[in-house]
Amino acid sequence: MKTINCKEAPLKVFGIPFFEKRKLFERLPDELCDILEVDCGKRCPGARIGFRTDADTFTVKISLKTLRLDRGMSIFSCQSTAVMIGDRSDPIFAGLVSPPDYETKVFENTFKKKPVMEEVTLWLLRNEEIESVEITFPDDAHVEEPTPYKYGPVLFYGSSITEGGCCCNITNNYPALLSRWLDMDIYNFGFSGSAKGNPEIADYINIIDFSVFVMDYDHNAPDEEFLLKTHEPFFKKIREKHPDMPILMLARPTFGNWQDSDWRRNIVKSTYENAVAAGD
């Protein structure tokens with residue numbers, strides 16, 4: 001048997017900025033994590049490990065730095081990694097790599113597949129800080145780099161809904177669904193309760209290489225004044241650095257269910273209308 005760490009070729013990690021350079025499982029560096037109200041900058045929703053192999057079996061071993069109970073999501077939805085086999089736009093769900101309890105931080109699972117060259121994508125867990133991921137193959141198995149994504153990367157900046165709360169599987173949040181349907185690489189910058197249009201986050205986003213920006217954070221604005229103060233300046237920071245990039249502005253998906261949905265949607269719309277009036 002041969003074991004390959006996910007930081008080594010030919011395995012490739014998607015969805016974590018600067019992973020090839022830093023080899024760190026983090027969305028934000030330490031200095032930016034400190035400005036968030038919730039400790040979520042070091043967890044990596046949307047991160048994937050990809051490879052191609054003709055192995056008929058392989059074992060995925062995950063080591064975590066943290067492991068905590070989530071009152072809104074089960075251990076299968078936010079502390080587990082989903083293994084998908086086959087074409088990324090229409091894969092087979094092979095199963096989960098899950099901790100057996102909330103005390104075991106090192107765990108593994110073995111998967112069987114056809115002994116032909118196939119794409120394998122591991123959707124890494126949402127809630128915890130990851131120490132390492134290792135995959136073990138038979139000695140005679142061929143392991144190759146994954147097929148490049150057709151589109152992307154697209155960067156989503158938003159609330160806990162964007163991050164994946166509270167879906168029953170890590171692959172069921174809307175950025176993940178779009179990634180699979182469109183064969184699209186993504187960065188998931190959903191920050192639970194903490195996406196509030198911080199200018200420091202915009203500056204960091206601006207040094208990441210991506211092709212489309214989805215601005216989806218109004219759910220985390222505590223009131224109308226806050227959203228009005230932050231939404232257009234945040235957009236302008238991104239637009240200044242990326243003058244020709246497609247930018248999508250979304251209102252939160254709970255529209256119609258909350259009394260403040262009208263003013264939230266109108267502020268998002270006004271940012272758009274002002275940009276168009278200015279020639280965007």
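## A buried loop residue

Asn220 is placed in the loop between strand 13 (212–216) and helix 7 (224–241), where helices (H or I, at least four residues) and strands (E, at least two) are DSSP runs numbered from the N terminus. With a relative accessible area of 12%, Asn220 is buried, a term that means under 20% relative accessible area, with exposed over 50% and partly exposed in between (1.4 Å probe, protein chains only).

A polar atom of the Asn220 side chain lies 3.0 Å from the backbone nitrogen of Ala195. Apart from neighbours within four places in sequence, the residues in contact (heavy atoms within 4.5 Å) with Asn220 include Gly158, Phe191, Ser192 and Ala195.

## Aromatic pairs

The whole structure holds 15 aromatic pairs, counted for rings of Phe, Tyr and Trp (its six-membered ring) whose centres lie within 6.5 Å, with planes under 30 degrees apart taken as stacked, over 60 as edge-to-face and the rest as tilted. Phe19 and Phe25 form a tilted pair, because their ring centres are 5.2 Å apart and their planes stand at 55°; both Phe19 and Phe25 are buried.

Phe51 and Phe137 pair edge-to-face, at 5.4 Å centre to centre and 85° between the planes. This pair links distant parts of the chain, with Phe51 in strand 3 (residues 48–53) and Phe137 in strand 9 (residues 130–137), 86 residues apart.

## Basis of the values

The model is predicted, and local features need pLDDT of at least 70, side-chain atom pairs count only at pLDDT 80 or more, and totals for chains, interfaces and linings use all residues. Residues are numbered from 1 along each chain as its sequence is written, and side-chain values use heavy atoms, with hydrogens and water left out.

## Charges over rings

The charged end of Lys12 sits over the ring of Phe14, 5.5 Å from its centre, the criterion being NZ of Lys or CZ of Arg within 6 Å of the ring centre and within 35 degrees of the ring normal. Arg48 lies over the face of Trp123, at 5.2 Å from the ring centre.

Definitions and conventions. A polar contact is a pair of N or O atoms within 3.5 Å; within protein, one must be able to donate a hydrogen and the other to accept it, and residues adjacent in sequence count only if both atoms are side-chain atoms.
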